[in-house]
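I opened my notebook to look up a few things in this model. Here are my entries, in the order I made them.

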Amino acid sequence: MIHFFLFLRPLQIFFRPGLILLLIWGCYRTVFKKDRTVGLVLYVSLIIIADTFYDTGIYIPGMEQGSIKYSEIICLFLLFHSAKIEPPKNMSKFVFFLVFLFLSIVFYSALRGATLQNGMNNYRRHFVPVILTIWVAYKGFQTQEDYNRFLFYFMILILILGAFTLLDALFDQWLLHSDGLYKSVYLSGRRNGRFGSLFLNPNLMGSFCVLMLPVMFVITAKQKTFLKKLFYRASFLLFLFAFIKTGSRGPMLGFAVAMLFFMLIPIKRYPFRRKIGTVAVTLLVLSLLMPNFFRAATGRFDILHEEMDPGEVDRYTIWEFTAKNLIPDYPFFGIGLGEAQYVTMMRKYGFSDIYG
């Protein structure tokens with residue numbers, strides 16, 4: 001497989017200049033042309049690359065945690081300068097109520113973090129992007145063509161994420177550099193053959209893949225022209241490779257369930273027999289390019305029994321202790337948002353006294 005992708009190594013010199021040109025073009029289309037399809041892809045890309053991978057923004061003196069993220073600036077343009085679009089008439093108000101209820105409960109949890117500042121910083125970092133994304137994206141697009149353009153531009157982001165993992169996993173090279181690559185969130189997984197791409201965390205990358213792969217599967221199979229087929233299929237295979245290299249068990253199980261629903265749910269102009277054929281061809285190509293892909297995807301399930309050994313202080317111990325102590329005492333609103341608050345409460349309930 002390494003020899004097959006050797007041709008990519010000389011092309012990496014064009015990666016950063018190309019990314020900069022894409023950023024300039026995307027900003028131009030969003031700000032001056034009010035192109036909502038490009039703007040939404042740019043917004044998601046900035047959340048992943050600028051906000052997460054580079055962990056950067058427009059810093060306000062004395063308010064480092066409250067700095068303005070670049071994605072938030074694009075979000076403002078999308079909210080107030082894009083063409084007006086009416087939300088779909090069949091939009092479920094009950095779904096919006098459930099989402100609002102969830103975010104409100106989490107906000108209340110943030111008020112009870114280790115400190116108020118810590119709780120609000122966690123809410124800002126993890127949940128404000130969710131609120132903004134729902135706000136800016138729930139109306140969708142005006143035409144089917146807009147949806148097709150959005151998916152095409154989104155495949156460029158998919159290609160970038162897949163290429164980063166490919167070069168790192170096969171050639172030990174980083175297409176982009178940031179301080180996050182030298183932190184345990186990335187290095188601890190990388191030492192065990194797990195790669196989080198520009199998300200840094202393999203579990204986050206895996207979760208993102210689960211959301212996107214079934215949709216990508218359909219739109220890739222529906223392409224008509226040769227060049228689009230080549231582009232979509234290459235992007236899809238790269239992304240599938242990146243998903244396997246996350247080694248993330250939860251997303252793997254989620255993907256299996258998602259594919260089951262994908263096979264059973266009727267899709268217009270995409271019959272069951274065509275789904276079977278597309279899946280079979282995909283598995284064949286993947287097995288040729290990555291002969292041990294199935295073992296790579298399921299390898300971490302083999303050590304699950306070791307991590308769940310009740311005689312060791314591990315995930316099983318933590319889950320069991322939490323289920324027996326914290327959850328019964330705080331069943332509805334939890335203990336407060338943030339890892340610091342969780343560690344404090346575990347110590348308060350005697351976890352350290354029992355297990356050291």
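**Aromatic pairs**

I searched the whole structure for aromatic pairs and got 29. This is a predicted model, so I kept that in mind as I went.

I picked out Phe217 and Phe236. How are these two rings placed? Their centres lie 5.6 Å apart and their planes meet at 65 degrees, so I noted the pair as edge-to-face. Over 60 degrees is what it takes for that label.

Next I checked where the two sit.

Is Phe217 buried or exposed? I found 6% relative accessibility, so Phe217 counts as buried. I looked up Phe236 too, and at 6% it also counts as buried. The cut-off for buried is under 20%.

Phe321 is buried, with a relative accessible area of 6%. Tyr355 comes out at 33%, so I wrote it down as partly exposed.

Which residues do ring pairs link into a cluster? I listed Phe141, Tyr147, Phe150, Phe154, Phe199, Phe208 and Phe239.

**Positive phi values**

I went on to the backbone and stopped at Asp172. Its phi is near 55 degrees, a positive value in a residue other than glycine. I found Asp172 in the loop between α8 (144-171) and α9 (184-191). With 56% relative accessibility, Asp172 counts as exposed, because the cut-off for exposed is over 50%.

Ser197 was my other stop, with a positive phi near 50 degrees, and it is not a glycine either. Ser197 is in the loop between α9 and α10. Is Ser197 buried or exposed? The relative accessibility is 0%, so Ser197 counts as buried.

**A charged patch**

Last, I looked at the surface. Lys222, Lys224, Lys268, Arg269 and Arg274 form a positive patch there. I followed up one of them, Arg269, and placed it in the loop between α12 (249-264) and α13 (272-289). Arg269 has 63% relative accessibility, so it counts as exposed.

Key:
Residues are numbered from 1 along each chain as its sequence is written. This is a predicted model: local features need pLDDT of at least 70, side-chain atom pairs count only at pLDDT 80 or more; totals for chains, interfaces and linings use all residues. Side-chain values use heavy atoms; hydrogens and water are left out. Patches are made of residues with over 30% relative accessible area and no salt bridge: like charges are joined within 9 Å, nonpolar side chains (Val, Leu, Ile, Met, Phe, Trp, Tyr) within 5 Å. Accessible areas come from the Shrake-Rupley method with a 1.4 Å probe; for residues, only the protein chains shown count as cover. A salt bridge is a side-chain nitrogen of Lys or Arg within 4 Å of a carboxyl oxygen of Asp or Glu. Lys and Arg count as positive and Asp and Glu as negative; His and the chain ends are not counted. The place of a charge is taken as NZ of Lys, CZ of Arg, CG of Asp or CD of Glu. Helices (H or I, at least four residues) and strands (E, at least two) are DSSP runs, numbered from the N terminus. Buried means under 20% relative accessible area, exposed over 50%, partly exposed in between (1.4 Å probe, protein chains only). Rings of Phe, Tyr and Trp (its six-membered ring) pair if their centres lie within 6.5 Å; planes under 30 degrees apart count as stacked, over 60 as edge-to-face and the rest as tilted.
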